[in-house]
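Here's a quick tour of a protein for you to follow on screen. Take a look at the sequence and the 3D view first, then work through the notes below.

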Amino acid sequence: MFSGPLGAAIVADITLEQFTAEVTAFLDANAPRKAEQQAFVWGEGPDSPGLFREPDRAEEAGQIAEAKAWRAKRYDAGFGWITGPMRYGGRELPHAFERRYNELEARYDIPLQSFFGIGLGMVAPTINDHAQPAVKDDVLPKLWRGDIIACQLFSEPVAGSDLAGLQTRAERDGDEWVISGQKVWTSGAHYSDIGEVVCRTDPTLPKHKGLTCFVVDMHDPNIEVRPLRQMTGGAEFNEVFFNEYRVHDDKRLGEINDGWRVALTTLMNERASIGAGGGGGGGGFARLQEMVRHFDLEGDAVVRQELMQLFVELKVLGYTSQRAMDRIKAGGLPGPELSIAKLALTENMRKTSAFVSRVLGPRLIADTGEWGTYSWSAYVLGMPAMAIAGGSDETLRNIVGERVLGLPKEPGVDTVSAFKDIPRNGIMGR
Ligand SMILES: Cc1cc2nc3c(=O)[nH]c(=O)nc-3n(C[C@H](O)[C@H](O)[C@H](O)COP(=O)(O)OP(=O)(O)OC[C@H]3O[C@@H](n4cnc5c(N)ncnc54)[C@H](O)[C@@H]3O)c2cc1C
């Protein structure tokens with residue numbers, strides 16, 4: 001595991017060694033250690049290379065309760081937000097300490113933590129940067145302690161890649177705003193307590209200029225959450241309807257009509273979270289290698305070639321993600337290189353998907369109970385979502401073209417016209 005050296009900027013009153021001892025004592029007292037990492041053996045261990053979780057709602061509720069209990073324990077012991085401000089329960093320690101905590105925690109069996117990914121990876125940094133002080137005081141400790149979970153309410157039926165074309169309205173009424181409209185593909189809305197929503201507040205301005213973000217209460221009866229079932233079987237996404245939902249102005253993020261800037265904070269952190277993934281999914285390269293051995297294809301020149309190509313590309317991606325993340329950890333902003341990392345991640349997953357389809361053939365579609373075969377169908381069916389989530393491949397290529405390669409911007413007259421004058425789906429902007 002990579003562990004960055006302590007730089008001169010570190011102001012911690014605790015050394016990394018003391019911190020390591022503190023964390024190890026906490027983990028030893030609260031979680032069982034994982035068995036020593038064994039070499040991967042075909043037919044042994046979990047058979048779940050899928051990319052998405054597919055639990056039923058009851059099973060999921062149990063997992064969430066366990067996840068929250070772990071986060072609370074961690075927070076109460078002083079490890080909830082290692083780099084965050086003390087005012088919100090953080091330790092104000094450098095990133096090297098957080099990395100060390102993550103390395104150590106990975107050696108223990110702790111409850112699944114993915115429920116917090118969007119809230120802590122994307123919404124919390126946005127609240128930290130743009131919310132009013134009372135909201136930060138109230139929400140940030142609860143988010144980091146795992147008392148509450150947050151979701152991201154951005155995409156709409158006709159506004160995904162073209163997010164700034166969104167049509168959910170927020171209209172001012174005294175000290176409140178009244179929100180009406182529909183969001184879609186909202187991951188985890190059904191178990192979230194709060195959400196970050198971006199709304200149109202002035203349709204007379206160009207589309208990027210008339211937006212405003214708010215923190216909303218997902219338990220309010222005027223916010224309706226309806227599940228969407230994926231082709232993999234699970235239902236992680238939702239449609240979310242705002243039926244004249246009222247939110248106080250003090251829940252606004254950033255300035256009125258400056259919501260695009262706020263949304264960009266969230267989107268940059270989203271790419272950082274996804275780009276940081278680095279690997280190819282599916283449970284690691286060894287699983288693919290052993291699959292080839294198991295099916296006696298080591299001598300097949302095409303299979304060998306594809307396997308080695310994957311090996312090289314997974315390694316390169318790992319280093320690219322590491323470089324981008326180190327830049328962020330050294331105080332830089334998530335930049336367009338993360339778009340490259342996300343594109344490469346998706347490409348590796350696509351190649352992994354094609355590779356296992358070639359090796360497994362009909363075993364991929366007929367569930368015979370054979371270990372390590374049909375289970376891959378969840379990966380193959382889930383993979384296309386990765387080319388869409390967090391910016392589709394085409395959107396990211398546009399970003400790389402314009403911001404990395406300096407190519408001319410795509411023409412877009414609708415960036416200057418008033419949103420209300422732009423025809424959308426045969427109707428005007430609102
Ligand atoms: C796993 C997953 C989780 C998600 N979670 C959330 C969430 O929690 N919250 C949330 O708000 N949203 C979420 N989304 C939605 C996601 O952000 C959108 O699906 C995404 O932005 C694409 O938008 P769209 O689906 O409307 O597709 P569209 O924007 O309609 O795109 C359709 C196709 O056209 C292409 N295209 C669009 N514009 C251009 C262009 N200018 N040039 C070239 N090609 C173009 C796209 O690449 C794509 O292939 C999630 C999606 C997935 C798959």
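## Around the ligand

Domain 2 (150-258) and domain 3 (276-391) each give at least three residues to the shell around the ligand. Keep in mind as you read that this is a predicted model.

**The ligand shell**
- There are 18 residues around the ligand, and the ones that come nearest are F154, G160, S161, S392 and E394.
- Which strand and which helix each supply at least two residues of the shell? They're strand 1 (150-153) and helix 11 (393-404).
- Sorted by class, the shell has 8 nonpolar residues, 9 polar ones and 1 charged one.

**The domains**

**Helix 3 and its buried face**
- Helix 3 runs over residues 95-105, and its buried residues are A96, F97, R100 and Y101.
- Look down the axis of helix 3 and these buried residues fall within an arc of 140 degrees, so they line one face of the helix.
- Here's a handy bit of background: an α-helix has 3.6 residues a turn, so residues three or four places apart point the same way.
- Helix 1 (16-30) is part of what covers the buried residues of helix 3.

**R107, in a loop**
- You'll find R107 in the loop between helix 3 and helix 4 (117-130).
- Why does R107 count as partly exposed? Because it has 14 other C-beta atoms within 10 Å, while a buried residue needs 20 or more and an exposed one has 12 or fewer.
- Setting aside neighbours within four places in sequence, R107 is in contact with R33 and K34.
- R107 and H248 sit 141 residues apart along the chain, and their C-alpha atoms are separated by 44 Å.

**S321, in a helix**
- S321 belongs to helix 8, which spans residues 301-329.
- Is S321 buried or exposed? S321 is buried, because 24 other C-beta atoms lie within 10 Å and the cut-off for buried is 20 or more.
- S321 and E337 are 16 residues apart along the chain, with 8.7 Å between their C-alpha atoms.

Technical notes. Residues are numbered from 1 along each chain as its sequence is written. This is a predicted model: local features need pLDDT of at least 70, side-chain atom pairs count only at pLDDT 80 or more; totals for chains, interfaces and linings use all residues. Helices (H or I, at least four residues) and strands (E, at least two) are DSSP runs, numbered from the N terminus. The arc is that of the directions from the helix axis to the C-beta atoms. Two residues are in contact if their C-beta atoms, placed from the backbone, lie within 7 Å. A residue is near a molecule or strand if its C-beta atom, placed from the backbone, lies within 6 Å of it. Ala, Val, Leu, Ile, Met, Phe, Trp, Tyr, Cys and Pro count as nonpolar, Asp, Glu, Lys and Arg as charged, and the others, Gly among them, as polar. Domain bounds come from an automatic or database domain assignment.
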